[in-house]
Amino acid sequence: MPSRCRNVLNIIVTTLFAAVVLFTILLAYVTGYQFIHTEQHHLSFGLYGAFLSLHLFLQSLFAFLEHRRMRGPAQPQHLRRSVALCVAAYQEDPDYLRKCLRSIRRISFPGLRVVLVVDGNRPEDRYMMDIFQEVMGGADQAGSMVWKGNYHSDGSGEGGVRRGGTSTVHMEEAARVARLVRGCRYSCIMQEWGGKREVMYTAFKALGDSVDYVQVCDSDTVLDPACTIEMLKILEEDPMVGGVGGDVQILNKYDSWISFLSSVRYWMAFNIERACQSYFGCVQCISGPLGMYRNSLLQRFMEPWYHQTFLGSKCSFGDDRHLTNRVLSFGFKTKFTARSQCQTETPTQYLRWLNQQTRWSKSYFREWLYNALWFHKHSLWMTYESVVTGFFPFFLVATVIHLFYRGRLWNILLFLLTVQLVGMVKATYACFLRGSLVMIFMSLYSLLYMTSLLPAKIFALLTINKGGWGTSGRRKIVVNFIGAVPVAVWVLVLLGGVVYTVYCETQEPFSETEKALLIAGTILYACYWLILLVLYLAIVAKRCNKREEQYHLPYAEA
């Protein structure tokens, strides 16, 4: 009874805290209270700006403290645990798959079991099994099987197991898969297409309780030899840690400008945002390329994880985020460690990147609702950060529309300057934390966020129940133009605001003060872009499309 009362009390306290945080942000935004301002309000600093500044400061502080904790001496441990590495593959680029498997062979963990599950069993998918046998040692060392169906389909083409119970043949094939996975150190399963979640389910189900921990990996990922042991240390240190993620970096960052900007954004996302969450034991997404889970816990929620539905439809994306949420729902902690690293492929084309971000945003909003059910089981920071990051895009959209349609050019220019100023502050701190000047280019990502990612988030929310991968397999890239629709609409909205503002400004002459501010602001903004462009051309552009320079980490020699 006391435990139940404590649980109810936690729910009440957490709900009230979330309401207070949201009300405070809303009040600061709506009232527009200003601490200081110039005579004609050309420049000001108010309550809303102070709140966001405090948020960035606290996030940076806790990230720094977590990194200091990571660098501390680890306690000596006897890591006599069994680990299985599950790799999900779908129409993978042969070069990426080969590099992935070679890096797995070099992982410094004795007895590591490897399970590759291919999403597809057609003849054109066979090359992935051939590469697996080539790298992992041939048919005598690496067991393999082509499964006509999967755990939820008998391969009859009717979309599931026939009515009247599972057929004897299907049960025998499922048992054969389990025997193969549990009996061979290296195993490869080709199965009927069903999506990434189906592939992951097959590996988890076939392993059962035969291992202590399950590591996940994507087939386009190159792993550091120490990645497994470093994540295992985190899980062994604290029995209440249910899952841990590593530092995911970009393998092909010099392929294009979009992949390079993604590389600096990835570093920020993992080493600041997730490092901060890790300080409180509530990392909200253990990324698919590099993560590890306590298998006893994984087996408990495997079925509800697979059968997840939203608004009456089966979920077909956001598998890794929901896997993390399931861990959190049991009251277990989730952690991040920068000592475990990998490199993974990222889209090099703008539209493919945009579709990927839209798909991720859909899963973010959907999982935000699920995650809110478990706020009371974790630190108040999880509640606070979820409220701030969940509602921030909507406040930002309202701010942009308000400023662009207010009829003053200075408001638009000041907004653009503020966006880049915040970007520069974050980039400067990232340079300090990482010890690399390349992070200064993180400020360029601010413009990409404002022009592309922001409308993609709104579009994702409006189409949240639409399924689909969002990105195609890497062997054959398929361009989907649907992601460009919200960006085009957003650009038209902004252009409309600029035209309206120019019209309003022509109706009355500028004051001398406003003229001086517009000239100074324009020069400052132009100088910023000129300096960053020169630095980009001098440091980054000359390396683009030079694949031999892509793999700068020692483990990437694979």
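**Reading cysteines, strands and helices**

User: How many disulfides does the structure hold?

Analyst: This is a predicted model. The structure holds zero disulfides. A disulfide is a covalent bond between the sulfur atoms of two cysteines. To count as one here, two cysteine sulfurs must lie within 2.5 Å. C100 is in no disulfide, and its nearest cysteine sulfur, that of C217, is 4.1 Å away.

User: Is C100 buried or exposed?

Analyst: C100 is buried, with a relative accessible area of 0%.

User: Now the strands. What is the order of the nine strands in the open sheet?

Analyst: Start with the general idea. Strands of a sheet pair through backbone hydrogen bonds, either parallel or antiparallel. In this open sheet the order is β5-β6-β4-β3-β7-β10-β9-β13-β8, and the pairing is mixed. From one strand to the next, the twist averages 25°.

User: Which strands stand at the edges?

Analyst: They are β5 (142–146) and β8 (221–223). Each has a single partner strand, so one side of each is left without a neighbour in the sheet.

User: In which sense do β5 and β6 pair?

Analyst: The sense is parallel, over five bridges, with β6 spanning residues 186–191. To find the pairing in the model, look at M145, which stands opposite I189 in β6.

User: What do β1 and β2 form?

Analyst: They form a hairpin, with six residues between the two strands. Strand β1 (residues 34–37) and strand β2 (residues 44–46) run antiparallel, joined by three bridges. Q34 has G46 in β2 as its bridge partner. In the turn, H41 has a positive phi of about 60°.

User: Last, the helices. At what angle do α13 and α16 pack?

Analyst: The angle is about 35°, and the axes are 10 Å apart. Helix α13 covers residues 409–434, and helix α16 covers residues 512–540. Their crossing is left-handed.

User: Which residues of α13 and α16 meet?

Analyst: On the α13 side they are L409, W410, L413, L416, L417, Q420 and M424. On the α16 side, they include E514, L517, L518, G521, Y525 and W529.

User: How do the residues of this contact divide into nonpolar, polar and charged?

Analyst: The contact of α13 with α16 has 12 nonpolar residues, three polar and one charged.

Technical notes: Residues numbered from 1 in each chain as written. Predicted model: local features only at pLDDT ≥ 70, side-chain atom pairs only at ≥ 80, totals over all residues. Heavy atoms only, no water. Axes fitted to C-alpha atoms, helices over the stretch in contact; angles between N-to-C directions. Helix = DSSP H or I, 4+ residues; strand = E, 2+ residues; numbered from the N terminus. Left-handed = near helix turned anticlockwise from the far one by under 90°. Contact = heavy atoms within 4.5 Å. Nonpolar A, V, L, I, M, F, W, Y, C, P; charged D, E, K, R; others polar. Buried < 20%, exposed > 50% of the residue type's maximum accessible area, 1.4 Å probe, protein only. Pairing = 2+ DSSP bridges.
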